[in-house]
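Welcome, and please open your viewer.

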Amino acid sequence: AETETNAVGRAVLNSLLGNLAAGKGENLKEALRYFRLSLKERELLERTSAKAFRPMTLSGKLSTKYFGDNMYDLLARQAIRALTASGRWPLSAESLATLQEAYSFYDDLIKLYEPSNRQAAFLCKEARLYYRKQVLGGYTKYKLSADEFAGKMLALADAYGDLPVSADAYLKAADAYADDRQWVKAVEVARKALKQYPKGEWTKDLKGVIARAETPRLSAKLSFVYPRHETNLQVTFANLNKVTFELYRLNLTAASEPLNSLNAAELVKRYGKKVSSRSYALEPAADYTSRDTTLRYTLPEAGIYVWKQIPQEGKGGSADYSLVYVSPYQFVSIPVKVNVQEVIAIDRLSGHPVPFAEVATYTDARKLHKVYKTDRQGHVSFYVGQGYYANVRTADCDFMNLSYLSQGLYDNSSDEKGWKRKMHLFTDRA
(Lines give C-alpha, C1' and ligand atoms only; values in the text may rest on other atoms or scores of the structure.)
Protein backbone atom coordinates (compact mmCIF):
# COMPACT_ATOMS: atom_id res chain seq x y z
CA ALA A 1 0.00 0.00 0.00
CA GLU A 2 2.86 2.41 0.80
CA THR A 3 4.48 1.95 -2.64
CA GLU A 4 1.25 2.13 -4.66
CA THR A 5 1.24 5.32 -6.70
CA ASN A 6 -2.43 5.27 -7.69
CA ALA A 7 -4.38 7.01 -4.91
CA VAL A 8 -7.56 4.96 -5.37
CA GLY A 9 -5.59 1.73 -5.57
CA ARG A 10 -3.75 2.71 -2.37
CA ALA A 11 -7.08 3.34 -0.65
CA VAL A 12 -8.32 -0.11 -1.65
CA LEU A 13 -5.13 -1.79 -0.41
CA ASN A 14 -5.37 0.00 2.93
CA SER A 15 -8.97 -1.14 3.24
CA LEU A 16 -7.89 -4.74 2.59
CA LEU A 17 -5.15 -4.44 5.22
CA GLY A 18 -7.71 -3.08 7.66
CA ASN A 19 -9.95 -6.07 6.99
CA LEU A 20 -7.05 -8.47 7.59
CA ALA A 21 -6.08 -6.79 10.86
CA ALA A 22 -9.70 -6.65 12.07
CA GLY A 23 -10.24 -10.28 11.09
CA LYS A 24 -7.42 -11.40 13.38
CA GLY A 25 -9.00 -9.41 16.21
CA GLU A 26 -5.60 -8.82 17.82
CA ASN A 27 -4.79 -5.23 16.83
CA LEU A 28 -7.95 -3.26 16.21
CA LYS A 29 -6.09 0.05 16.54
CA GLU A 30 -3.96 -0.98 13.58
CA ALA A 31 -7.11 -1.97 11.67
CA LEU A 32 -8.65 1.42 12.39
CA ARG A 33 -5.47 3.17 11.20
CA TYR A 34 -5.66 1.36 7.88
CA PHE A 35 -9.35 2.16 7.47
CA ARG A 36 -8.73 5.85 8.16
CA LEU A 37 -5.94 5.82 5.57
CA SER A 38 -8.27 4.17 3.06
CA LEU A 39 -10.66 7.15 3.32
CA LYS A 40 -8.03 9.90 3.30
CA GLU A 41 -8.63 11.00 -0.32
CA ARG A 42 -12.29 11.79 0.21
CA GLU A 43 -12.97 13.98 -2.83
CA LEU A 44 -11.20 11.60 -5.20
CA LEU A 45 -13.00 8.54 -3.82
CA GLU A 46 -16.32 10.34 -4.01
CA ARG A 47 -15.78 10.93 -7.74
CA THR A 48 -14.64 7.36 -8.40
CA SER A 49 -17.26 4.76 -9.28
CA ALA A 50 -17.03 1.35 -7.65
CA LYS A 51 -17.60 -0.13 -11.09
CA ALA A 52 -13.97 0.69 -11.87
CA PHE A 53 -12.94 -2.19 -9.60
CA ARG A 54 -15.10 -4.92 -11.02
CA PRO A 55 -15.07 -7.89 -10.61
CA MET A 56 -13.71 -7.17 -7.11
CA THR A 57 -16.77 -5.03 -6.45
CA LEU A 58 -20.41 -5.69 -7.16
CA SER A 59 -22.77 -2.72 -7.38
CA GLY A 60 -26.38 -3.18 -6.37
CA LYS A 61 -29.30 -1.21 -7.78
CA LEU A 62 -29.91 0.65 -4.52
CA SER A 63 -26.24 1.61 -4.20
CA THR A 64 -26.30 3.14 -7.66
CA LYS A 65 -29.72 4.75 -7.21
CA TYR A 66 -29.19 6.42 -3.84
CA PHE A 67 -25.45 6.71 -3.25
CA GLY A 68 -24.01 7.17 -6.72
CA ASP A 69 -22.04 3.94 -6.37
CA ASN A 70 -18.92 5.77 -5.15
CA MET A 71 -15.76 4.27 -3.69
CA TYR A 72 -15.81 6.38 -0.51
CA ASP A 73 -19.16 4.89 0.48
CA LEU A 74 -18.00 1.37 -0.34
CA LEU A 75 -14.78 1.65 1.70
CA ALA A 76 -16.49 3.33 4.66
CA ARG A 77 -19.07 0.55 4.85
CA GLN A 78 -16.31 -2.05 4.58
CA ALA A 79 -14.73 -0.46 7.65
CA ILE A 80 -18.04 -0.52 9.53
CA ARG A 81 -18.65 -4.16 8.63
CA ALA A 82 -15.16 -5.38 9.60
CA LEU A 83 -14.96 -3.45 12.89
CA THR A 84 -18.45 -4.55 13.88
CA ALA A 85 -17.66 -8.21 13.22
CA SER A 86 -14.52 -7.97 15.36
CA GLY A 87 -15.89 -5.87 18.19
CA ARG A 88 -19.44 -7.04 18.70
CA TRP A 89 -18.74 -9.83 21.22
CA PRO A 90 -18.11 -10.11 24.07
CA LEU A 91 -19.54 -6.97 25.64
CA SER A 92 -16.60 -5.09 27.11
CA ALA A 93 -15.01 -1.65 27.28
CA GLU A 94 -12.60 -2.61 24.48
CA SER A 95 -15.43 -3.91 22.30
CA LEU A 96 -17.44 -0.74 22.92
CA ALA A 97 -14.50 1.41 21.83
CA THR A 98 -14.25 -0.58 18.59
CA LEU A 99 -17.97 -0.31 17.89
CA GLN A 100 -17.93 3.42 18.61
CA GLU A 101 -15.25 3.82 15.95
CA ALA A 102 -17.39 1.87 13.49
CA TYR A 103 -20.37 4.04 14.48
CA SER A 104 -18.39 7.20 13.74
CA PHE A 105 -17.98 6.25 10.08
CA TYR A 106 -21.68 6.97 9.61
CA ASP A 107 -20.94 10.58 10.60
CA ASP A 108 -18.31 10.69 7.85
CA LEU A 109 -20.84 9.39 5.33
CA ILE A 110 -23.46 11.93 6.41
CA LYS A 111 -20.93 14.77 5.93
CA LEU A 112 -20.14 13.37 2.50
CA TYR A 113 -23.73 13.53 1.28
CA GLU A 114 -25.23 16.50 3.06
CA PRO A 115 -26.58 18.81 1.68
CA SER A 116 -26.01 17.86 -1.97
CA ASN A 117 -27.57 14.36 -1.79
CA ARG A 118 -30.37 14.45 0.78
CA GLN A 119 -31.60 10.95 -0.05
CA ALA A 120 -28.21 9.44 0.74
CA ALA A 121 -27.83 11.62 3.85
CA PHE A 122 -31.23 10.44 5.10
CA LEU A 123 -30.37 6.78 4.53
CA CYS A 124 -27.04 7.18 6.36
CA LYS A 125 -28.76 8.82 9.35
CA GLU A 126 -31.29 6.03 9.36
CA ALA A 127 -28.54 3.40 9.18
CA ARG A 128 -26.69 5.09 12.04
CA LEU A 129 -29.81 4.99 14.22
CA TYR A 130 -30.48 1.37 13.30
CA TYR A 131 -26.85 0.49 14.11
CA ARG A 132 -27.25 2.09 17.52
CA LYS A 133 -30.28 -0.05 18.29
CA GLN A 134 -29.09 -3.34 16.84
CA VAL A 135 -25.36 -3.27 17.57
CA LEU A 136 -24.75 -0.77 20.36
CA GLY A 137 -28.02 -1.51 22.14
CA GLY A 138 -26.31 -3.90 24.54
CA TYR A 139 -24.63 -0.95 26.24
CA THR A 140 -26.70 1.22 28.60
CA LYS A 141 -25.44 4.46 27.09
CA TYR A 142 -26.87 3.58 23.69
CA LYS A 143 -29.84 1.41 24.59
CA LEU A 144 -33.18 2.46 23.09
CA SER A 145 -36.64 1.20 23.95
CA ALA A 146 -39.05 0.41 21.12
CA ASP A 147 -40.82 3.74 21.73
CA GLU A 148 -37.57 5.69 21.75
CA PHE A 149 -36.29 4.06 18.58
CA ALA A 150 -39.59 4.46 16.74
CA GLY A 151 -39.86 8.08 17.90
CA LYS A 152 -36.43 8.92 16.50
CA MET A 153 -37.24 7.15 13.23
CA LEU A 154 -40.50 9.06 12.88
CA ALA A 155 -38.75 12.37 13.59
CA LEU A 156 -36.25 11.51 10.86
CA ALA A 157 -39.08 10.65 8.48
CA ASP A 158 -40.78 13.98 9.18
CA ALA A 159 -37.54 15.90 8.60
CA TYR A 160 -37.20 14.32 5.17
CA GLY A 161 -40.91 13.96 4.47
CA ASP A 162 -40.59 15.42 0.97
CA LEU A 163 -38.52 12.39 -0.07
CA PRO A 164 -40.32 9.10 -0.89
CA VAL A 165 -37.33 7.24 0.58
CA SER A 166 -38.42 8.41 4.05
CA ALA A 167 -41.07 5.66 3.86
CA ASP A 168 -38.28 3.32 4.98
CA ALA A 169 -38.08 5.13 8.34
CA TYR A 170 -41.83 4.69 8.77
CA LEU A 171 -41.37 0.99 8.04
CA LYS A 172 -38.60 0.59 10.61
CA ALA A 173 -40.68 2.43 13.21
CA ALA A 174 -43.70 0.24 12.47
CA ASP A 175 -41.56 -2.91 12.70
CA ALA A 176 -40.18 -1.76 16.07
CA TYR A 177 -43.69 -1.29 17.43
CA ALA A 178 -44.79 -4.65 16.01
CA ASP A 179 -41.80 -6.47 17.52
CA ASP A 180 -42.75 -4.91 20.86
CA ARG A 181 -46.37 -6.12 20.38
CA GLN A 182 -47.61 -2.51 20.20
CA TRP A 183 -49.87 -3.44 17.33
CA VAL A 184 -52.08 -0.33 17.25
CA LYS A 185 -49.07 1.99 16.94
CA ALA A 186 -47.53 -0.29 14.30
CA VAL A 187 -50.70 -0.18 12.20
CA GLU A 188 -51.11 3.58 12.62
CA VAL A 189 -47.56 4.25 11.43
CA ALA A 190 -47.86 1.86 8.47
CA ARG A 191 -51.17 3.37 7.36
CA LYS A 192 -49.79 6.89 7.65
CA ALA A 193 -46.87 5.93 5.43
CA LEU A 194 -49.12 4.24 2.88
CA LYS A 195 -51.34 7.31 2.74
CA GLN A 196 -48.35 9.55 2.17
CA TYR A 197 -46.53 7.18 -0.21
CA PRO A 198 -49.19 4.87 -1.74
CA LYS A 199 -46.82 3.46 -4.34
CA GLY A 200 -43.16 2.72 -3.90
CA GLU A 201 -40.50 0.24 -2.91
CA TRP A 202 -41.84 -0.02 0.65
CA THR A 203 -45.56 -0.45 -0.10
CA LYS A 204 -45.51 -4.24 0.13
CA ASP A 205 -43.58 -4.29 3.41
CA LEU A 206 -45.81 -1.62 4.98
CA LYS A 207 -48.90 -3.62 4.06
CA GLY A 208 -47.13 -6.62 5.56
CA VAL A 209 -46.91 -4.88 8.94
CA ILE A 210 -50.70 -4.36 8.90
CA ALA A 211 -51.29 -7.95 7.83
CA ARG A 212 -49.01 -9.14 10.64
CA ALA A 213 -51.04 -7.21 13.22
CA GLU A 214 -54.36 -8.47 11.83
CA THR A 215 -53.27 -12.11 11.45
CA PRO A 216 -55.38 -14.56 13.48
CA ARG A 217 -53.42 -16.18 16.29
CA LEU A 218 -54.53 -19.24 18.23
CA SER A 219 -53.00 -21.48 20.87
CA ALA A 220 -55.06 -24.13 22.66
CA LYS A 221 -54.16 -26.58 25.42
CA LEU A 222 -56.17 -29.19 27.27
CA SER A 223 -55.34 -29.02 30.97
CA PHE A 224 -56.13 -32.68 31.69
CA VAL A 225 -56.90 -35.65 29.44
CA TYR A 226 -59.11 -38.49 30.61
CA PRO A 227 -61.88 -40.45 28.85
CA ARG A 228 -65.32 -38.77 28.92
CA HIS A 229 -63.99 -36.13 31.30
CA GLU A 230 -64.89 -32.44 31.12
CA THR A 231 -61.71 -30.40 31.42
CA ASN A 232 -60.42 -26.87 31.08
CA LEU A 233 -59.40 -25.77 27.62
CA GLN A 234 -56.87 -22.93 27.84
CA VAL A 235 -57.04 -20.73 24.74
CA THR A 236 -54.86 -17.79 23.76
CA PHE A 237 -56.11 -15.95 20.68
CA ALA A 238 -56.13 -12.73 18.72
CA ASN A 239 -58.23 -11.40 15.83
CA LEU A 240 -60.68 -14.30 16.03
CA ASN A 241 -64.41 -14.31 16.73
CA LYS A 242 -64.78 -18.05 16.51
CA VAL A 243 -62.81 -21.26 16.74
CA THR A 244 -63.82 -24.85 15.99
CA PHE A 245 -62.29 -28.03 17.39
CA GLU A 246 -62.78 -31.33 15.56
CA LEU A 247 -61.82 -34.79 16.80
CA TYR A 248 -60.88 -37.68 14.52
CA ARG A 249 -60.50 -41.11 16.05
CA LEU A 250 -57.63 -43.13 14.62
CA ASN A 251 -57.95 -46.85 14.06
CA LEU A 252 -54.53 -47.38 15.65
CA THR A 253 -52.96 -48.50 18.92
CA ALA A 254 -50.19 -46.73 20.84
CA ALA A 255 -47.33 -48.63 19.18
CA SER A 256 -48.68 -48.42 15.62
CA GLU A 257 -45.91 -47.48 13.21
CA PRO A 258 -47.86 -44.76 11.31
CA LEU A 259 -47.95 -42.63 14.48
CA ASN A 260 -44.20 -42.08 14.07
CA SER A 261 -43.97 -41.90 10.28
CA LEU A 262 -46.96 -39.77 9.23
CA ASN A 263 -47.98 -36.24 10.14
CA ALA A 264 -51.33 -35.66 11.82
CA ALA A 265 -53.10 -34.44 8.69
CA GLU A 266 -52.07 -37.59 6.82
CA LEU A 267 -53.14 -39.76 9.76
CA VAL A 268 -56.62 -38.22 9.55
CA LYS A 269 -56.78 -38.91 5.83
CA ARG A 270 -55.75 -42.58 6.13
CA TYR A 271 -56.96 -43.75 9.52
CA GLY A 272 -59.26 -41.08 10.93
CA LYS A 273 -63.00 -40.98 11.50
CA LYS A 274 -64.62 -37.73 12.59
CA VAL A 275 -66.38 -38.19 15.92
CA SER A 276 -67.08 -34.67 17.14
CA SER A 277 -67.01 -30.98 16.27
CA ARG A 278 -67.53 -28.07 18.61
CA SER A 279 -67.36 -24.33 17.98
CA TYR A 280 -66.82 -21.52 20.48
CA ALA A 281 -67.51 -17.80 20.15
CA LEU A 282 -64.59 -15.57 21.09
CA GLU A 283 -64.29 -11.86 21.87
CA PRO A 284 -61.05 -10.53 20.37
CA ALA A 285 -59.32 -7.43 21.70
CA ALA A 286 -59.76 -4.32 19.58
CA ASP A 287 -56.02 -3.54 19.73
CA TYR A 288 -54.88 -6.78 18.00
CA THR A 289 -53.30 -8.11 21.22
CA SER A 290 -53.70 -11.70 22.39
CA ARG A 291 -56.27 -12.60 24.99
CA ASP A 292 -56.49 -15.62 27.30
CA THR A 293 -59.69 -17.44 28.10
CA THR A 294 -60.70 -20.73 29.68
CA LEU A 295 -63.34 -22.87 27.97
CA ARG A 296 -64.83 -26.20 28.98
CA TYR A 297 -64.30 -29.23 26.77
CA THR A 298 -65.45 -32.84 27.13
CA LEU A 299 -63.05 -35.55 26.05
CA PRO A 300 -64.32 -38.59 24.12
CA GLU A 301 -64.04 -42.23 25.11
CA ALA A 302 -60.61 -43.86 25.32
CA GLY A 303 -58.72 -43.90 22.06
CA ILE A 304 -56.08 -42.12 20.00
CA TYR A 305 -57.31 -38.99 18.27
CA VAL A 306 -56.20 -36.16 16.05
CA TRP A 307 -57.43 -32.86 17.46
CA LYS A 308 -57.97 -30.34 14.67
CA GLN A 309 -58.04 -26.67 15.64
CA ILE A 310 -59.73 -24.49 13.01
CA PRO A 311 -59.59 -20.68 13.21
CA GLN A 312 -62.52 -18.59 12.05
CA GLU A 313 -63.36 -19.01 8.35
CA GLY A 314 -62.49 -16.06 6.17
CA LYS A 315 -59.84 -14.81 8.60
CA GLY A 316 -56.91 -16.49 6.94
CA GLY A 317 -54.52 -18.85 8.67
CA SER A 318 -54.68 -22.61 8.55
CA ALA A 319 -55.85 -25.44 10.75
CA ASP A 320 -53.49 -27.01 13.25
CA TYR A 321 -53.38 -30.69 14.22
CA SER A 322 -52.36 -32.40 17.45
CA LEU A 323 -52.24 -36.03 18.53
CA VAL A 324 -54.23 -36.72 21.70
CA TYR A 325 -53.85 -40.00 23.57
CA VAL A 326 -57.02 -40.42 25.61
CA SER A 327 -56.24 -43.13 28.14
CA PRO A 328 -57.23 -43.61 31.79
CA TYR A 329 -53.79 -45.07 32.58
CA GLN A 330 -50.31 -43.94 33.43
CA PHE A 331 -47.47 -45.43 35.45
CA VAL A 332 -45.07 -44.44 38.20
CA SER A 333 -41.64 -46.07 38.22
CA ILE A 334 -39.37 -46.50 41.24
CA PRO A 335 -35.77 -47.82 40.98
CA VAL A 336 -35.41 -50.60 43.53
CA LYS A 337 -31.88 -51.68 42.58
CA VAL A 338 -29.50 -51.31 39.68
CA ASN A 339 -31.33 -51.96 36.38
CA VAL A 340 -34.53 -53.00 38.15
CA GLN A 341 -37.66 -50.85 38.32
CA GLU A 342 -40.85 -51.24 40.27
CA VAL A 343 -43.69 -49.98 38.08
CA ILE A 344 -47.09 -49.03 39.47
CA ALA A 345 -49.99 -48.79 37.03
CA ILE A 346 -52.46 -46.13 38.14
CA ASP A 347 -55.68 -44.51 37.08
CA ARG A 348 -54.94 -40.92 35.99
CA LEU A 349 -58.10 -39.46 37.53
CA SER A 350 -58.34 -41.23 40.89
CA GLY A 351 -54.69 -42.08 41.44
CA HIS A 352 -55.72 -45.62 42.42
CA PRO A 353 -53.57 -48.57 41.29
CA VAL A 354 -54.82 -50.68 38.38
CA PRO A 355 -54.67 -54.38 39.31
CA PHE A 356 -53.82 -57.07 36.76
CA ALA A 357 -53.02 -54.57 34.01
CA GLU A 358 -50.26 -55.13 31.49
CA VAL A 359 -47.11 -53.04 31.33
CA ALA A 360 -45.85 -53.45 27.76
CA THR A 361 -42.24 -52.52 26.98
CA TYR A 362 -40.92 -51.56 23.56
CA THR A 363 -37.50 -51.11 21.95
CA ASP A 364 -36.25 -47.78 20.60
CA ALA A 365 -37.74 -48.84 17.26
CA ARG A 366 -41.13 -49.13 19.02
CA LYS A 367 -41.15 -52.93 18.60
CA LEU A 368 -42.78 -54.94 21.37
CA HIS A 369 -40.14 -56.28 23.78
CA LYS A 370 -41.86 -57.90 26.77
CA VAL A 371 -45.20 -57.68 28.56
CA TYR A 372 -45.47 -57.79 32.36
CA LYS A 373 -48.61 -58.27 34.47
CA THR A 374 -49.25 -56.13 37.53
CA ASP A 375 -50.38 -57.75 40.79
CA ARG A 376 -53.48 -57.00 42.85
CA GLN A 377 -51.87 -53.72 44.02
CA GLY A 378 -50.99 -52.69 40.45
CA HIS A 379 -47.27 -53.34 41.04
CA VAL A 380 -44.71 -55.20 38.95
CA SER A 381 -40.90 -55.24 39.02
CA PHE A 382 -38.62 -56.09 36.11
CA TYR A 383 -35.19 -55.59 34.59
CA VAL A 384 -34.84 -52.35 32.62
CA GLY A 385 -31.21 -52.25 31.51
CA GLN A 386 -30.51 -49.46 29.05
CA GLY A 387 -34.13 -48.47 28.97
CA TYR A 388 -37.32 -49.11 27.05
CA TYR A 389 -40.49 -47.36 26.03
CA ALA A 390 -43.49 -48.56 27.97
CA ASN A 391 -47.19 -48.05 28.51
CA VAL A 392 -50.04 -49.46 30.59
CA ARG A 393 -52.77 -51.33 28.77
CA THR A 394 -55.72 -53.61 29.34
CA ALA A 395 -57.56 -55.92 26.98
CA ASP A 396 -59.82 -53.19 25.60
CA CYS A 397 -57.63 -50.11 26.14
CA ASP A 398 -54.18 -49.76 24.57
CA PHE A 399 -54.10 -46.01 24.06
CA MET A 400 -51.57 -44.65 26.57
CA ASN A 401 -48.73 -42.81 24.83
CA LEU A 402 -45.42 -44.67 25.06
CA SER A 403 -43.20 -43.18 27.76
CA TYR A 404 -39.49 -43.75 28.24
CA LEU A 405 -38.54 -45.98 31.13
CA SER A 406 -34.88 -45.89 32.23
CA GLN A 407 -32.92 -47.30 35.14
CA GLY A 408 -33.13 -43.87 36.84
CA LEU A 409 -29.52 -43.57 38.03
CA TYR A 410 -27.97 -40.11 37.68
CA ASP A 411 -24.68 -38.44 38.57
CA ASN A 412 -25.42 -35.56 40.94
CA SER A 413 -21.83 -34.28 40.58
CA SER A 414 -21.52 -33.92 44.33
CA ASP A 415 -18.20 -33.63 46.13
CA GLU A 416 -19.61 -35.63 49.05
CA LYS A 417 -18.32 -39.15 49.38
CA GLY A 418 -20.32 -42.26 50.07
CA TRP A 419 -23.85 -43.38 49.18
CA LYS A 420 -27.06 -41.59 49.97
CA ARG A 421 -30.45 -43.24 49.96
CA LYS A 422 -33.22 -41.22 48.29
CA MET A 423 -36.88 -42.00 48.02
CA HIS A 424 -39.63 -40.29 45.99
CA LEU A 425 -42.99 -40.89 47.67
CA PHE A 426 -46.09 -41.42 45.57
CA THR A 427 -49.25 -40.46 47.38
CA ASP A 428 -52.77 -41.59 46.52
CA ARG A 429 -54.62 -38.51 45.26
CA ALA A 430 -57.92 -39.92 46.55
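## The whole chain

Among contacts in the chain (heavy atoms within 4.5 Å) between residues at least 6 apart in sequence, 60% join residues at least 24 apart. This is a predicted model, where local features need pLDDT of at least 70 and side-chain atom pairs count only at pLDDT 80 or more, while totals for chains, interfaces and linings use all residues. Residues are numbered from 1 along each chain as its sequence is written, and side-chain values use heavy atoms, with hydrogens and water left out.

Colour by secondary structure next: the chain has 13 helices and 14 strands. Both are DSSP runs numbered from the N terminus, helices being H or I with at least four residues and strands E with at least two. Of the 430 residues in the chain, 45% are buried (under 20% relative accessible area, with a 1.4 Å probe and protein chains only).

## Into the core

Now select Phe105, Leu109, Tyr113 and Tyr131. In the largest nonpolar core, which has 76 residues, these four touch the most other members. Such a core is a set of buried Ala, Val, Leu, Ile, Met, Phe, Trp, Tyr and Cys residues joined through side-chain atoms within 4.5 Å. Helix 6 (residues 93-113) gives this core its largest share, 10 residues.

Stay on Leu109. Leaving aside residues up to four places away in sequence, Leu109 touches Tyr72, Asp73, Ala76, Arg77, Ile80 and Cys124. Another core, of 32 residues, lies apart from the largest one; Val306, Val359, Phe382 and Val384 are among its members.

## Two packed helices

Select residues 146-159 (helix 8) and 167-179 (helix 9): they pack at an angle of about 165°, with their axes 8 Å apart. The angle makes helix 8 roughly antiparallel to helix 9 (over 145 degrees). Axes are lines fitted to C-alpha atoms, for helices over the stretch in contact, and angles run from 0 to 180 degrees between N-to-C directions. To see the contact, show side chains including Phe149, Met153 and Leu154 of helix 8 and Tyr170, Ala173 and Tyr177 of helix 9.

Strand 2 (residues 230-238) pairs with strand 5 over 8 bridges. Finish by selecting Asn232, whose bridge partner in strand 5 is Arg296.

How values were computed:
Two strands pair if DSSP finds at least two bridges between them. Buried means under 20% relative accessible area, exposed over 50%, partly exposed in between (1.4 Å probe, protein chains only). Angles under 35 degrees count as roughly parallel, over 145 as roughly antiparallel, 65 to 115 as roughly perpendicular and the rest as oblique.
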